[in-house]
Amino acid sequence: MSIHDSLGESLAVFAAGVGAGTINTIVGSGTLITFPVLLATGLPPVTANVSNTLGLVPGSVSGAIGYRKELRGQGRRVLRLAATSLVGGLAGAVLLLTLPSESFDTIVPVLIGLALVLVVLQPRLAKALKERRQRAGGSGPHPDGGPALHAGMLLASTYGGYFGAAQGVLYVGLMGLFLHEDLQRVNAVKNVLAGLVNGIAAVFFLFVAEFDWTAVLLIAAGSTLGGQLGAKVGRRLPPTALRAVIVAVGVAAIVQLSLR
């Protein structure tokens, strides 16, 4: 039985798309919802991964539109970080088709764990960095995060193009540390960058990889709806609650990836 001839499986994939689009907009890790469902329908792992990446692109666009108010005044920053993210996303897409999946299995939970530490400690770490700059007589934080953020975003985007589970957690952890912004504005930038990484990987996959159009369309429809739902929920969460959601999702991602 496959997605093509099973109404139940089609509804399950659509529902997974809604859930993924919602959670991606709030924090990330939607792939942990859709990818297992696609595997359960019988799709091979790489085909499921590629189909998932293609299907989640409209959801990322939907989520970014939902966060458009928080994006105001961040156009230049988004453009600069987008250039770095696109390079990383394309590199990750190439790696997906050339490296065995086991290559990232060990390091991914570690990366997510480090990102969660950054998210939890971000206010304290940001304050410490600010005080250090003041003692050194330097200026305020770099408006675009500086070289350290770009290096981190390049690596996180490479991972995003390769698989993408908890990519948003990595982004929020990095940008929350190096940008002097509140968490909601950081989350808005995360949605745009995640969409771009998914988009560049999707364009690459269209020409060189196998995918299932039924799965792509079902996830695209579901994630578009989920993106709007996630924006409505996520924008109302206070910073402490948003951090709690990020940590909860990140821990779940670590557990699921460790058990694969």
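Which helix gives the most residues to the nonpolar patch? I looked this up first. H10 gives the most, with 4 residues.

**Basis.** I am working from a predicted model, in which local features need pLDDT of at least 70, side-chain atom pairs count only at pLDDT 80 or more, and totals for chains, interfaces and linings use all residues. Residues are numbered from 1 along each chain as its sequence is written, and side-chain values use heavy atoms, with hydrogens and water left out.

**Nonpolar patch.** I listed its members as Val46, Leu97, Val203, Leu206, Phe207, Val208, Trp213 and Leu217, with about 800 Å² of accessible area together. A patch takes residues with over 30% relative accessible area and no salt bridge; nonpolar side chains (Val, Leu, Ile, Met, Phe, Trp, Tyr) are joined within 5 Å, like charges within 9 Å. Areas come from the Shrake-Rupley method with a 1.4 Å probe, and for residues only the protein chains shown count as cover. H10 (183-208) and H11 (213-234) each supply at least two residues of the patch. Helices are DSSP runs (H or I, at least four residues), numbered from the N terminus. I checked Val203, which is found in H10. Val203 counts as partly exposed because its relative accessibility is 44%; buried means under 20%, exposed over 50%, and partly exposed in between.

**Salt bridges.** I found 3 in the structure, each a side-chain nitrogen of Lys or Arg within 4 Å of a carboxyl oxygen of Asp or Glu.

Arg235 pairs with Glu70, the closest N and O atoms being 3.0 Å apart. Arg235 is in the loop between H11 and H12 (239-259) and Glu70 is in H4 (residues 68-71), 165 residues apart. Arg235 is partly exposed at 33% relative accessibility, whereas Glu70 is buried at 12%.

Arg77 and Glu181 form another salt bridge (2.9 Å, N to O). Arg77 lies in H5 (residues 75-98) and Glu181 in the loop between H9 and H10, so the pair ties together parts 104 residues apart in sequence. Arg77 is buried, at 10% relative accessible area, and Glu181 is partly exposed, at 23%.

Glu181 also meets Arg185 (2.7 Å, N to O). I noted that Arg185 is buried, at 18%. Shared partners join Arg77, Glu181 and Arg185 into one network.

Definitions and conventions: Buried means under 20% relative accessible area, exposed over 50%, partly exposed in between (1.4 Å probe, protein chains only).
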